[in-house]
Amino acid sequence: MSANSAEPSPRRAVDIVLVKAGRTKIRYPADLLHDDGTHVVVRAAWAGAGVRDFGFVRFEPGDVFTEHYWRDRWYAVKEVRTAEGALKGWYCDITRPAEVVPADGTPGEVVCEDLDLDLWRSADGGTVLRLDEDEFAASGLETTDPRAASAAWAALDELELRAREGDFEALLT
């Protein structure tokens, strides 16, 4: 999916809730595009305050994120485009599987626990970066929840392999 693709109307609003270390890190509104019971896709505007420059990419007002969450996978993949629709790349958060909390019989919130590890893949696929391994080590998860830590490392390894070998975008269909 791209930021420019036509979507059926009407869209349903959901809240995306990112949790880190037991606290809500950020909550923002999004349009629910797809939910097949396992894979949830939403679209949202950049929810940060101002510009966030990572050095390898800048997230800025007007950017559009098409975000993919799974109830059975340990990651979330966010396609990032400019307001004009140009693809910047994909920012991947290593997370616990998403929980979709219903409201009035439809999804109301997508809750995702961030486990610190991240991966960036540029639009052309030429840059693939593993991020925040030091934060993950400092989190203590490997001691407090070794099963989750193992799943997190495996998810990061899987995403990196897909990002480098070319079938990355197949994840998003």
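I take contact to mean heavy atoms within 4.5 Å. The model is predicted, so I note that local features need pLDDT of at least 70 and side-chain atom pairs count only at pLDDT 80 or more, while totals for chains, interfaces and linings use all residues. Residues are numbered from 1 along each chain as its sequence is written, and side-chain values use heavy atoms, with hydrogens and water left out.

**Entry 1: Leu159 and the cores**

I looked up what Leu159 touches. Not counting residues up to four places away in sequence, Leu159 is in contact with Tyr75, Val77, Cys92, Ile94, Leu119, Phe168 and Leu171.

Next I looked up nonpolar cores (sets of buried Ala, Val, Leu, Ile, Met, Phe, Trp, Tyr and Cys residues joined through side-chain atoms within 4.5 Å). Buried means under 20% relative accessible area, with a 1.4 Å probe and protein chains only. The largest nonpolar core has 24 residues, and Leu159 is one of those with the most contacts inside it, a list that also includes Tyr75 and Phe168. At least two residues of this core come from each of β7 (75-81), β8 (87-95), β10 (106-122) and α3 (146-165). Helices (H or I, at least four residues) and strands (E, at least two) are DSSP runs, numbered from the N terminus. I find that α3 gives the largest share, 8 residues. Another core, of 15 residues, lies apart from it and has Val14, Tyr28, Ala30 and Val42 among its members.

**Entry 2: Aromatic pairs**

I searched the whole structure and got 13 aromatic pairs. Rings of Phe, Tyr and Trp (its six-membered ring) pair if their centres lie within 6.5 Å; planes under 30 degrees apart are stacked, over 60 edge-to-face, and the rest tilted.

Trp46 and Phe65 are stacked, at 5.8 Å centre to centre with 25° between the planes. This pair links distant parts of the chain, 19 residues apart: Trp46 is in the loop between β3 (39-45) and β4 (52-53), and Phe65 is in strand β6 (residues 64-70). Both Trp46 and Phe65 are buried. Phe65 also pairs edge-to-face with Phe59, at 5.1 Å centre to centre and 85° between the planes. Phe59 counts as buried because its relative accessibility is 4%.

I noted that ring pairs join Trp46, Phe54, Phe56, Phe59, Phe65, Tyr91 and Trp120 into a cluster.

**Entry 3: Cysteines**

How many disulfides are there (pairs of cysteine sulfur atoms within 2.5 Å)? The count is 0. The sulfur of Cys92 is 12 Å from the closest cysteine sulfur, in Cys112, which is too far for a bond. Cys92 is buried at 0% relative accessibility, and Cys112 is buried at 2%.

Notes. Buried means under 20% relative accessible area, exposed over 50%, partly exposed in between (1.4 Å probe, protein chains only). A disulfide is a pair of cysteine sulfur atoms within 2.5 Å.
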